[in-house]
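User: I have a chain open and would like to go through it with you. Can we start with the overall picture and then move to the details?

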Amino acid sequence: MVKSPSFTCNACGAVHSKWSGRCDACGAWNSIVEEAPLSAGPARKSLGGKRGTRIALSSLSAEEMPPPRTRSGLAELDRVLGGGLVPASAILVGGDPGIGKSTLLLQAAASFARAGLKAIYVSGEEASAQVRMRARRLGLADAPVQLAAETNLRDILTTLENERPDIAIIDSIQTMWADHVESAPGSVAQVRAAAHELTTFAKRRGLSVVLVGHVTKEGQIAGPRVIEHMVDTVLYFEGERGHQFRILRAVKNRFGPADEIGVFEMTGEGLREVTNPSALFLSERDNPAPGAVVFAGIEGTRPVLCEFQALVAPSPHAQARRTVVGWDGGRLAMILAVLEARCGIPFAGLDVYLNVAGGMKIQEPAADLAVACALLSAREDVALPSDTVVFGEISLSGALRPVSQTENRLKEAQKLGFTKAIAPSGSKAGTQTGLEMQKIPDLVTVVGDIFGAG
Ligand code: TYD
Ligand code: MG
């Protein structure tokens, strides 16, 4: 039987039976490429009569020690890793080109090396001189990191085998070239093969490998999504180009909680850790302005306060605009629909802009109420008092639902000098903290009692 070729999306890794201009799975354009069929060798047809060796089985109750961890000394990185680096693990660090991945990992390599680990940094993108120059600028030139500029995977693996480092950083996986695979570097097949070789090598030899992956929009090279399933930990480095804040987010972690974030600031001397992100995200805040609402959120295990800003203005266009930065566009549409259908607040003919200050990306549904308040505040031109935080989920009926970790949200707000909270009825806690809680059953009450509209 001749195996037909398969078509893989470079952006999300979905496999299709035929080529098309747009990937049905992720919606990316021009990202589908043909992949050579897997060789139909005898091993693929069936295992045949040859017997394998028997595997030792164990029970679920067998004693397991927590994995030993090494801290880098970069507290924000250690937090995202779940408390430090686990040996024999593979970590993927994805992000847009130019966001600061190489900077972060050079700093991490230097930190680990200073902590006594043997660290190797392999750059497939920059010459050693360039990396050295950056290290000097970051004040890391004295750190005992070993450096190589190489893309040949076979040579890299041989070197790692001889050098036996504790941690190897591969910057980036898309530049690596495995000579046993026939396609070009950056293709799905190459990226997968290189990632597979490096992760299995890490498990076998007990070292940690960190793979850098560029997020690609055009689909010319395979994005980090296609290897997410192979690695233990997937971190994404996010941020807006124009902002100095960078967020390292764990989207998958076999050794710790997912959704944990680390916050950094990009400065002239590299990335600086931000230990109190709430203070940072609110630092640009001045007088209470219509449309600005402070949301008491939770990112991973940590409460983070940030500001939603909305602008609502008559639209000169036939179709009114909805522009969102840092929040989900579909969720905004839902909240606008609930305001319109349940509270009688129309947004037809009005342009709506929604932004999360500081380049933060919020994913929690607990921000619904803060978004609704920002929209109402902008539309009615009524500013909320500047000492108030807001949180709560909105259901399609317009009812407000309590959210998790109310206590932590309130404590963080109090720490930063807030005195009032607007939250759903049924929210637990609130008595222990000194904050005055305004508990509200539904969105209609928000519209009437807080904004005097409807
Ligand atoms: P880089 O780490 O090369 O990004 P990536 O590896 O994700 O492509 O970072 C590139 C940007 O960071 C570049 O635009 C310059 C900026 N930068 C600073 O602002 N300060 C610094 O100290 C360094 C090293 C970089
Ligand atoms: Mg780089």
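This is a predicted model: local features need pLDDT of at least 70, side-chain atom pairs count only at pLDDT 80 or more; totals for chains, interfaces and linings use all residues.

User: How many helices and strands does the chain have?

Analyst: The chain has 11 helices and 21 strands. Its C-alpha atoms fill a box of roughly 75 × 55 × 50 Å along the principal axes.

User: What share of the residues is buried?

Analyst: Of the 454 residues in the chain, 49% are buried.

User: And what about contacts between residues at least 24 apart?

Analyst: Taking contacts between residues at least 6 apart in sequence, 66% of them join residues at least 24 apart.

User: OK, cavities. How many turn up?

Analyst: Searching the whole structure gives 2 cavities of 30 Å³ or more.

User: Which residues line the largest cavity?

Analyst: The lining consists of Leu77, Leu81, Leu85, Ile91, Val93, Leu105, Ala108, Phe112, Ile167, Ile169, Val210 and Leu235. By class that is 12 nonpolar residues, with no polar and no charged ones.

User: Which element gives the most to that lining?

Analyst: Helix α3 does, with 3 residues. Elements that each supply at least two residues are β4 (90-95), α3 (101-114) and β7 (167-171).

User: What lines the second largest cavity?

Analyst: Its lining is made up of Arg69, Leu81, Gly84, Leu85, Val86, Ser89, Ile91, Thr233, Asn253 and Phe255. The classes here are 5 nonpolar, 4 polar and 1 charged.

User: Changing topic: at what angle do α8 and α9 cross?

Analyst: The axes of α8 (residues 329-343) and α9 (residues 368-380) cross at roughly 60° and come within 10 Å.

User: Is the crossing left-handed or right-handed?

Analyst: α8 passes α9 in a right-handed crossing.

User: Which residues meet there?

Analyst: From α8, Arg331, Leu332, Met334, Ile335, Leu336 and Leu339 meet Asp368, Val371, Ala372, Leu375 and Leu376 from α9. The residues of this contact are 9 nonpolar, no polar and 2 charged.

User: Back to α3. Where is serine 102 placed, and is it buried or exposed?

Analyst: Serine 102 is in helix α3. The residue counts as buried because its relative accessible area is 13%, and the cut-off for buried is under 20%.

User: What does serine 102 touch beyond its sequence neighbours?

Analyst: Leaving aside residues within four places in sequence, serine 102 is in contact with Tyr121, Glu126, Arg134 and Asp171. The C-alpha atom of serine 102 is separated by 9.0 Å from that of valine 131, 29 residues apart along the chain.

User: And glycine 270, where is that found?

Analyst: Glycine 270 is in strand β12 (residues 270-273). It is buried, with a relative accessible area of 3%. Not counting residues up to four places away in sequence, glycine 270 touches Thr103, Gln107, Leu138 and Glu265. Glycine 100 is 170 residues apart from glycine 270 along the chain, and their C-alpha atoms are separated by 8.7 Å.

User: Last one: alanine 194. Which helix is it in, and why does it count as buried?

Analyst: Alanine 194 lies in α6 (residues 188-205). It counts as buried because its relative accessibility is 0%.

User: What are its contacts?

Analyst: Leaving aside neighbours within four places in sequence, alanine 194 is in contact with Leu153, Ile173 and Met176. By contrast, the C-alpha atoms of alanine 194 and valine 325, 131 residues apart along the chain, are separated by 35 Å.

Terms used
Residues are numbered from 1 along each chain as its sequence is written. Chains are lettered from A and ligands numbered from 1 in the order in which they are written. Side-chain values use heavy atoms; hydrogens and water are left out. On a 1 Å grid over the protein atoms alone, a cavity is a set of points where a 1.4 Å probe fits but cannot get out, and a pocket is an open set with protein on both sides within 12 Å along at least five of seven lines; lining residues have an atom within 4 Å of a point. Grid points are joined across faces, edges and corners, and a volume is the space filled by probe spheres set on the points. Helices (H or I, at least four residues) and strands (E, at least two) are DSSP runs, numbered from the N terminus. Ala, Val, Leu, Ile, Met, Phe, Trp, Tyr, Cys and Pro count as nonpolar, Asp, Glu, Lys and Arg as charged, and the others, Gly among them, as polar. Axes are lines fitted to C-alpha atoms, for helices over the stretch in contact, and angles run from 0 to 180 degrees between N-to-C directions. A crossing is left-handed if the near helix is turned anticlockwise from the far one by less than a right angle, and right-handed if clockwise. Contact means heavy atoms within 4.5 Å. Buried means under 20% relative accessible area, exposed over 50%, partly exposed in between (1.4 Å probe, protein chains only).
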